[in-house]
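Q: I would like to learn how to read a sheet and a chain interface from coordinates. Could we go through one case together, with the cut-offs stated as we go?

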Protein chains: 6
Amino acid sequence: MLSRNIETFIGCESEYDEASIVIFGAPFDSTTSFRPGTRFASRVMRSESFGMETFSPYQDKDLTDYNIFDGGDLELAFGNSRRALDDIGDFARSVLADGKLPLMIGGEHLVTLGTVEAVFEKHPDLHIIHFDAHADLRADYLGETLSHASVIRRCNELIGDGKIYQFGIRSGDREEFNYAKEGHTTMRRFDFVGLSEVVASLKGLPVYFTIDLDVLDTSVFPGTGTQEAGGVTFNKLINAILLVSDLNIVGCDINELSPSLDQSGASTAVALKVLRELLLSLCK
Amino acid sequence: MLSRNIETFIGCESEYDEASIVIFGAPFDSTTSFRPGTRFASRVMRSESFGMETFSPYQDKDLTDYNIFDGGDLELAFGNSRRALDDIGDFARSVLADGKLPLMIGGEHLVTLGTVEAVFEKHPDLHIIHFDAHADLRADYLGETLSHASVIRRCNELIGDGKIYQFGIRSGDREEFNYAKEGHTTMRRFDFVGLSEVVASLKGLPVYFTIDLDVLDTSVFPGTGTQEAGGVTFNKLINAILLVSDLNIVGCDINELSPSLDQSGASTAVALKVLRELLLSLCK
Amino acid sequence: MLSRNIETFIGCESEYDEASIVIFGAPFDSTTSFRPGTRFASRVMRSESFGMETFSPYQDKDLTDYNIFDGGDLELAFGNSRRALDDIGDFARSVLADGKLPLMIGGEHLVTLGTVEAVFEKHPDLHIIHFDAHADLRADYLGETLSHASVIRRCNELIGDGKIYQFGIRSGDREEFNYAKEGHTTMRRFDFVGLSEVVASLKGLPVYFTIDLDVLDTSVFPGTGTQEAGGVTFNKLINAILLVSDLNIVGCDINELSPSLDQSGASTAVALKVLRELLLSLCK
Amino acid sequence: MLSRNIETFIGCESEYDEASIVIFGAPFDSTTSFRPGTRFASRVMRSESFGMETFSPYQDKDLTDYNIFDGGDLELAFGNSRRALDDIGDFARSVLADGKLPLMIGGEHLVTLGTVEAVFEKHPDLHIIHFDAHADLRADYLGETLSHASVIRRCNELIGDGKIYQFGIRSGDREEFNYAKEGHTTMRRFDFVGLSEVVASLKGLPVYFTIDLDVLDTSVFPGTGTQEAGGVTFNKLINAILLVSDLNIVGCDINELSPSLDQSGASTAVALKVLRELLLSLCK
Amino acid sequence: MLSRNIETFIGCESEYDEASIVIFGAPFDSTTSFRPGTRFASRVMRSESFGMETFSPYQDKDLTDYNIFDGGDLELAFGNSRRALDDIGDFARSVLADGKLPLMIGGEHLVTLGTVEAVFEKHPDLHIIHFDAHADLRADYLGETLSHASVIRRCNELIGDGKIYQFGIRSGDREEFNYAKEGHTTMRRFDFVGLSEVVASLKGLPVYFTIDLDVLDTSVFPGTGTQEAGGVTFNKLINAILLVSDLNIVGCDINELSPSLDQSGASTAVALKVLRELLLSLCK
Amino acid sequence: MLSRNIETFIGCESEYDEASIVIFGAPFDSTTSFRPGTRFASRVMRSESFGMETFSPYQDKDLTDYNIFDGGDLELAFGNSRRALDDIGDFARSVLADGKLPLMIGGEHLVTLGTVEAVFEKHPDLHIIHFDAHADLRADYLGETLSHASVIRRCNELIGDGKIYQFGIRSGDREEFNYAKEGHTTMRRFDFVGLSEVVASLKGLPVYFTIDLDVLDTSVFPGTGTQEAGGVTFNKLINAILLVSDLNIVGCDINELSPSLDQSGASTAVALKVLRELLLSLCK
């Protein structure tokens with residue numbers, strides 16, 4: 001007898017019980033202030049993943065050698081940010097309770113807050129490594145405190161000062177850059193210089209790793225809502241990911257792909273490679 | 001001395017004081033459940049309007065002969081539907097207080113509720129004529145009561161049963177069609193048959209007129225988020241608008257253009273023609 | 001415990017055993033002579049189907065009231081037409097053996113031959129109703145006898161003269177039109193005139209129903225590889241489908257959507273509506 | 001020995017000496033006031049023509065049965081309208097001198113003036129039948145008298161009042177409509193009503209036939225720079241062309257396809273069908 | 001009372017009298033020989049600018065701290081190059097007469113000539129720094145001397161030999177490269193090597209600075225009509241701009257963005273960042 | 001008398017007899033496993049080539065100084081790989097028999113096998129230099145041995161072990177990388193390190209040079225069916241080509257451009273530059 005159509009990220013076909021990593025999509029973009037569309041990222045990435053090899057020539061490892069479960073996409077109501085974050089948090093909590101690592105595919109960057117809230121409950125000494133073009137440190141955006149432009153500020157308020165390390169930042173208003181200078185976060189503009197020192201200093205500590213893909217240069221990754229020239233290359237991002245994966249990663253996400261903005265599909269292909277390398281780097 | 005760059009819909013260059021009609025944009029699409037993007041409608045329409053003639057060969061009238069003011073776009077926070085509706089309502093209220101007719105350009109259809117709330121305060125015996133592919137009569141959408149899929153239901157609850165006339169409807173769940181059958185609204189599926197009778201029956205009463213452009217067939221208007229085949233032609237829509245404009249229109253809107261979904265620009269051109277004919281039909 | 005991500009056409013979530021209809025995709029376009037891309041049709045339709053209502057205002061029926069199983073997409077090798085057809089035939093044979101109705105989503109039109117071969121084994125008195133812009137009656141295409149441009153010719157050779165009824169045809173070379181005139185098939189150009197008589201004459205006989213979506217006008221359905229102006233409207237196609245569904249349909253397919261050619265998504269939305277109405281018309 | 005790569009419109013492979021019709025492209029769009037791009041029309045149409053059948057099911061005729069020569073595209077300097085028109089006129093003159101019928105593919109509509117000037121020299125009693133969405137009767141456009149928006153005005157001034165018959169017009173400023181009302185031209189708005197009477201009255205007279213493809217509805221033909229809703233269907237246009245072709249056509253053109261505005265390619269496919277039917281209707 | 005809708009480049013909201021820099025658009029592309037479309041650059045950039053931050057992390061400066069006036073777009077007739085250049089020159093002259101710095105947004109590169117003519121009247125010892133992929137040194141293009149491909153040749157004839165410094169050049173015919181070798185201009189191929197020496201040598205002299213954005217690599221900036229691989233990165237361009245801004249800049253422009261060629265919007269985002277950094281570097 | 005429209009790659013207008021290099025297109029993509037469309041590469045490149053200069057600032061050479069013949073595109077049946085390869089081989093054989101160098105424009109990479117078979121007959125000691133993102137070393141793809149993913153494996157089986165040098169490889173399954181490690185081919189991952197040594201070792205030997213353009217980074221070349229991040233820059237590829245052209249090249253090809261995937265046209269422009277530099281480097 002045939003079973004109903006199953007579709008997972010390629011190489012992520014493990015059953016839940018056997019899996020050490022759980023991928024899930026958080027298709028939410030209600031607070032996006034410029035071009036929306038990241039809600040389709042996880043769906044399109046999953047669908048396009050069958051065009052990607054499971055083997056990495058960077059790490060000489062293969063996804064099919066590991067146990068990864070694809071939980072599909074959460075069903076999130078648009079227009080109610082707090083409820084969406086709660087639903088995300090609930091899912092992450094259950095994954096964490098089962099001793100598995102949650103890897104979320106956004107969605108706009110605000111979704112990070114939902115998973116971070118869940119992870120922080122389990123790991124009160126949480127640190128965050130944040131790759132992004134944008135500081136995401138606004139107090140609010142047109143009065144809304146739950147906004148993609150404020151998500152790291154909210155995380156900072158949650159986990160405390162000095163625990164967030166930002167890399168690749170090249171856009172924000174003056175107040176955001178000042179907020180970092182005041183010591184709330186540690187911010188590196190434009191690139192990953194200093195990352196290995198940060199990694200060395202965080203050895204053993206629980207780390208949440210959030211990658212806003214617009215940290216990549218717009219030439220590499222035009223498929224995102226707010227494009228910022230002057231970003232890093234794909235190879236630099238992969239190297240930085242391999243560096244970070246040495247740490248005790250207790251939760252992570254990739255976000256801000258907006259597939260329809262890049263009709264060539266190249267941005268989706270890039271996001272999938274980043275996902276593959278991140279997954280393999282987390283599989284010990 | 002040069003003044004700063006002014007950009008209005010073509011032919012809508014009147015000063016506020018002289019104007020009898022006030023156009024404004026409501027760029028909001030946070031509750032869109034499928035493809036977002038209607039937030040860009042008013043901006044793109046305004047910009048593209050310089051490619052349209054101000055003269056109508058349908059009505060032998062010219063926009064430049066009337067006084068229409070373009071109030072620009074409201075600045076609405078994404079991710080907070082209630083606040084966006086309140087901001088819309090406040091603007092409409094001030095326009096109404098000055099004795100002018102508000103004509104709103106959406107945005108998703110939910111924005112209609114903001115203006116209807118303002119108009120209803122002034123006209124307690126308000127009726128609504130609603131052109132749309134979708135019934136928009138859901139009790140809620142994934143638990144959210146403020147949703148583009150529920151907006152006419154909310155209007156119905158606000159102004160009372162039997163006062164809403166829906167035309168062109170060809171999509172909805174079974175409950176929505178049943179809701180109409182139960183008499184809450186008067187619904188005509190697929191086309192405008194019966195419209196002239198409705199217009200005759202509403203003579204003299206205050207009427208809000210809301211046009212969801214997806215009432216048009218997808219061949220005519222592919223540039224919308226949730227496309228429904230089997231709609232009306234452009235000529236049928238224009239004729240219906242001319243019919244309705246005989247009534248005592250006290251507020252109106254056009255919504256659901258999502259310009260980037262139709263890269264040819266044809267959907268935007270269609271929306272602009274609808275706007276021109278609606279404006280001219282309202283100018284007596 | 002969570003189960004792996006299941007993705008089906010909306011409203012087609014039945015288990016195989018309970019189902020009376022089995023949908024499956026045949027993603028093959030190797031012989032397409034102009035613009036390829038129909039291989040992505042079933043995948044994209046399935047993914048986009050969550051934006052469609054399960055309720056039909058045309059038939060007042062709902063997909064969720066019936067038992068339809070989605071078998072996913074076959075894995076077909078590109079570049080070997082005969083093997084692809086055999087794999088399609090094998091799947092259809094097993095569905096037929098279980099007493100269920102196969103409904104295939106192409107792919108290019110050649111895939112029809114695979115299912116027809118399977119159906120013909122079970123129903124030697126098979127007749128075919130064929131909606132298309134193209135005659136598909138070529139002896140061969142650049143020497144290849146297995147070609148999308150020859151598929152109805154192959155079907156004709158298989159099931160015999162006088163058993164195929166073609167409607168909407170408006171493109172072909174002179175020989176194809178002559179081939180029909182010689183009586184091999186019954187061909188109606190441009191529209192569906194005469195369809196009800198054909199349906200009346202076929203009552204009780206086993207009928208295979210194949211719909212090349214390019215029978216629709218290019219304005220309605222630009223998303224196909226070889227676009228032919230002058231086709232039928234959506235409403236005419238739906239009416240024709242409802243007419244045909246009175247017959248003893250023993251197999252059917254919808255084909256030639258090429259989603260990436262219509263970036264608005266409107267063609268996919270149209271294809272989904274056609275699928276919904278076809279499914280519901282087959283559910284008694 | 002191999003000869004260099006020859007590319008012609010499909011079915012237009014005759015040598016010049018044997019041909020009765022000469023097709024040529026006039027890739028010019030310098031005065032386009034909104035979206036340029038018609039310069040690519042002839043090139044793209046020629047390239048895409050290999051996807052079209054040479055046989056017409058409308059006329060039961062085949063391009064391969066007639067002698068049509070494809071002269072390629074003229075090389076026209078951008079930014080100098082008068083010189084471009086002179087180069088067009090020179091080419092048309094040589095075609096006319098050889099007793100052949102020139103059929104020009106625009107380009108923007110201004111190119112019509114170049115060929116009309118040449119044809120008028122040979123046929124001083126020239127009449128013009130003009131299908132278009134736009135009146136093209138402006139005195140000038142921002143001071144330029146050689147403009148796509150003025151081309152029929154210029155033709156009128158050249159050949160005299162009362163000799164131009166316009167159909168399908170649905171856009172222009174008030175002065176253009178008044179200009180027609182004053183009797184300079186005979187204008188029919190929106191459709192082809194009255195065409196058969198005009199054709200009857202012009203029997204035997206030399207007629208130039210110019211088709212601006214935007215006379216088609218935007219649903220059928222979005223691929224044009226200034227899109228006007230409310231146009232005619234493909235079938236109505238074909239019927240009108242067949243009607244006109246009974247006349248003594250001494251020159252003709254098709255213009256205003258802007259292929260990149262319709263990435264589906266459907267507009268180009270429509271233009272090619274119009275060209276095929278026009279060509280076949282001219283082949284007696 | 002409400003005022004009509006004002007739209008300016010973000011952060012350029014100063015009144016004219018207070019401004020030291022005046023931005024204006026020159027939407028002209030009539031002589032473009034390949035793909036037109038740069039006429040939309042200033043309009044689209046202005047509209048998209050609301051998605052950009054006014055603060056620069058490169059210079060730690062903010063547009064809102066300076067007085068910049070946005071004069072909107074000039075209304076230029078298409079198809080008459082000389083008149084368009086005169087209109088541009090007139091505007092630039094009035095800006096210069098008021099002691100302000102003109103910053104023009106093209107349009108095709110030919111528009112540079114209009115502003116250079118105005119600037120040269122005021123500064124007879126004018127020098128030009130020219131960033132571009134193309135030499136733009138043709139004597140003429142198909143006979144037209146006013147062409148985007150000849151603009152620097154015309155500037156050279158106007159201001160004299162040895163006063164133009166070209167960087168990044170990687171396309172042209174042999175004669176153009178020879179023309180530079182003969183000493184008419186100083187040309188650096190491919191990159192900015194030698195720029196700091198040039199800047200040192202020009203200290204104190206009046207300099208016009210013209211940036212054809214296609215100096216950027218096509219990966220960074222695909223949204224331009226004639227794309228040339230092998231260009232510079234965004235960071236290299238920004239560094240070069242900061243270097244040049246030390247000079248006595250008396251006029252400048254950015255040109256050749258063709259927004260619709262890059263539907264992701266990334267090229268427009270890049271152009272806006274270049275504009276922001278150029279503006280801030282000019283604000284002392 | 002006018003001759004029929006001739007269209008060749010710009011600068012490739014030589015007669016066959018005088019030519020030393022023969023360009024031809026092999027428009028075939030039937031075995032493409034992901035996104036098809038490379039069949040349009042040669043056609044679109046030829047058409048767009050008129051926007052490219054014939055002069056190279058990299059080599060200070062001009063295409064118009066050499067004799068290159070453009071043989072147009074082969075007419076290849078889709079869906080029959082063996083026959084397509086035979087037709088390609090026959091054409092290449094006749095070119096080789098006339099003492100000319102064949103330069104093929106794909107199409108998918110499988111077409112390489114057709115020309116290699118022809119070249120190998122003439123040069124039994126053939127070596128191959130292969131630039132690609134993909135190893136193309138699969139034994140078969142879903143059972144098909146003639147596949148774009150197996151083409152270098154087939155070449156290896158034809159010409160023997162140790163004679164193929166692969167550069168830039170960054171995608172494949174584990175078996176492909178192992179196959180190379182076993183010594184069948186010499187594979188360099190990611191870049192061109194070691195190329196000069198390989199070139200030195202092959203001096204005087206007959207070499208076939210095949211360039212899959214997806215060796216370029218996706219930022220430079222998104223217009224290809226299976227996009228792999230992390231590739232080389234345009235400048236690195238040009239330098240590598242200049243290095244290889246010192247060898248005794250007896251056949252070569254460029255393949256895997258899929259023009260419609262990059263609607264900006266930038267990928268086609270890149271492919272044309274690669275073609276120009278390759279051609280000029282082969283012209284001694």
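Q: What is the strand order of the open sheet of eight strands in chain A, and is the pairing parallel or antiparallel?

A: Some conventions come before the reading: this is a predicted model, in which local features need pLDDT of at least 70 and side-chain atom pairs count only at pLDDT 80 or more, while totals for chains, interfaces and linings use all residues. Residues are numbered from 1 along each chain as its sequence is written, chains are lettered from A and ligands numbered from 1 in the order in which they are written, and side-chain values use heavy atoms, with hydrogens and water left out. In general, strands of a sheet pair through backbone hydrogen bonds, either parallel or antiparallel. Here the order is β4-β1-β5-β10-β9-β6-β7-β8 (chain A), and the pairing is parallel; strands are DSSP runs of E of at least two residues, helices are runs of H or I of at least four, both numbered from the N terminus, and two strands pair if DSSP finds at least two bridges between them.

Q: Which are the edge strands of this sheet in chain A?

A: They are β4 (68–73) and β8 (186–189) of chain A, each of which pairs on one side only. From one strand to the next the twist averages 15 degrees, where axes are lines fitted to C-alpha atoms (for helices over the stretch in contact) and angles run from 0 to 180 degrees between N-to-C directions.

Q: How many bridges join β1 to β5 in chain A?

A: Six bridges join β1 (residues 21–26) to β5 (residues 101–106) of chain A, and Ala26(A) stands opposite Gly106(A) in β5(A).

Q: Which strands does helix α7 of chain A touch?

A: Contact means heavy atoms within 4.5 Å. Helix α7 (residues 234–244) of chain A packs on the sheet and touches β6, β9 (206–212) and β10 (248–255), its direction making about 170 degrees with that of β6(A).

Q: How many residues does each of chain C and chain B bring to their contact?

A: Chain C gives 22 residues and chain B gives 22 residues. The buried area, meaning the accessible area (1.4 Å probe) that two parts lose on being put together, summed over both, is about 1,900 Å² for chain C and chain B, with carbon and sulfur atoms giving 49%.

Q: How many salt bridges does the rule find across this interface of chain C and chain B?

A: With a side-chain nitrogen of Lys or Arg required within 4 Å of a carboxyl oxygen of Asp or Glu, the rule finds five salt bridges. One of them joins Glu228(B) to Lys273(C), whose closest N and O atoms are 2.8 Å apart.
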